[in-house]
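Hi,

Here is the structure I promised to pass on. My notes on what turned up in it are below.

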Amino acid sequence: MITQGARFTEHCGDCGGVVEGWFGQFIDHEALRWAVDRRCESCGLVIDDGGAGPAPDFVRDPILAEHGAWLLLVGDAPRAKVQSLKAFREVFEVDLKTASTMTGQAMASGWPGTYVEVEFLAGVLRKAGVPVEIVAPTAPPAAIGPSE
């Protein structure tokens, strides 16, 4: 199973204690999934949430902030554009215009996503015979800052 997550803390709405939790994305049984797990050590509150499909921004954004964006590069091959459009539309449940923009990025400089998203899309495209390359972030996000 391919997974990636980001830890967070917040105040418990029940007791005011500290809740520790995880935002996560993973691939399970050839499906893209997401999850949020919260646990309060003070009162024992446990909240688990999640679903199939693309992660909501409140899950995706902290993962990108902690781990950086990976790039999916789509190679130039017959039907690569058509298969990429189809993959982006199906995986991210977006309209044709948005899928076209995402495909254009993937075929030019690379489409940025979480590690899990990029691996999932790469698998879908490879099954369709499309050559892809995955590029890791060049530096951890914490190491990237304003230039002096």
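Phe8, Phe23, Trp34 and Phe58 make up one aromatic cluster. For pairing, rings of Phe, Tyr and Trp (its six-membered ring) need centres within 6.5 Å; planes under 30 degrees apart are stacked, over 60 edge-to-face, and the rest tilted.

Before going further: this is a predicted model, where local features need pLDDT of at least 70 and side-chain atom pairs count only at pLDDT 80 or more, while totals for chains, interfaces and linings use all residues. Residues are numbered from 1 along each chain as its sequence is written, and side-chain values use heavy atoms, with hydrogens and water left out.

Searching the whole structure gives 7 aromatic pairs. One of them is Trp34 with Phe58, edge-to-face at 6.2 Å centre to centre and 80 degrees between the planes. Trp34 sits in strand S3 and Phe58 in helix H1 (residues 57-67), so this pair ties together parts 24 residues apart in sequence. (Helices are DSSP runs of H or I with at least four residues, strands are runs of E with at least two, and both are numbered from the N terminus.) Trp34 counts as buried at 12% relative accessibility, whereas Phe58 is partly exposed at 43%. The cut-offs there: buried is under 20% relative accessible area, exposed is over 50%, and partly exposed is in between, using a 1.4 Å probe and protein chains only.

Trp70 and Tyr115 form a tilted pair, 4.6 Å centre to centre with 55 degrees between the planes. That pair links distant parts of the chain, with Trp70 in strand S5 and Tyr115 in helix H4, 45 residues apart. Tyr115 is partly exposed, at 23% relative accessibility.

Now for helix H2. H2 has 13 residues and spans 18 Å from first C-alpha to last, close to the 18 Å expected at 1.5 Å a residue (the expected span being 1.5 Å times one less than the number of residues). Its buried residues include Ala80, Leu85, Phe88 and Phe92. Among the elements covering the buried residues of H2 are strand S5 (70-74), helix H3 (96-107) and helix H4 (115-127). Just after H2, Glu93 has a positive phi of about 55 degrees.

Where is Ser84? Ser84 belongs to H2 (residues 80-92), and Ser84 is buried, with a relative accessible area of 0%. Leaving aside residues up to four places away in sequence, Ser84 touches Val74, Thr103 and Leu125, a contact being heavy atoms within 4.5 Å.

Cheers
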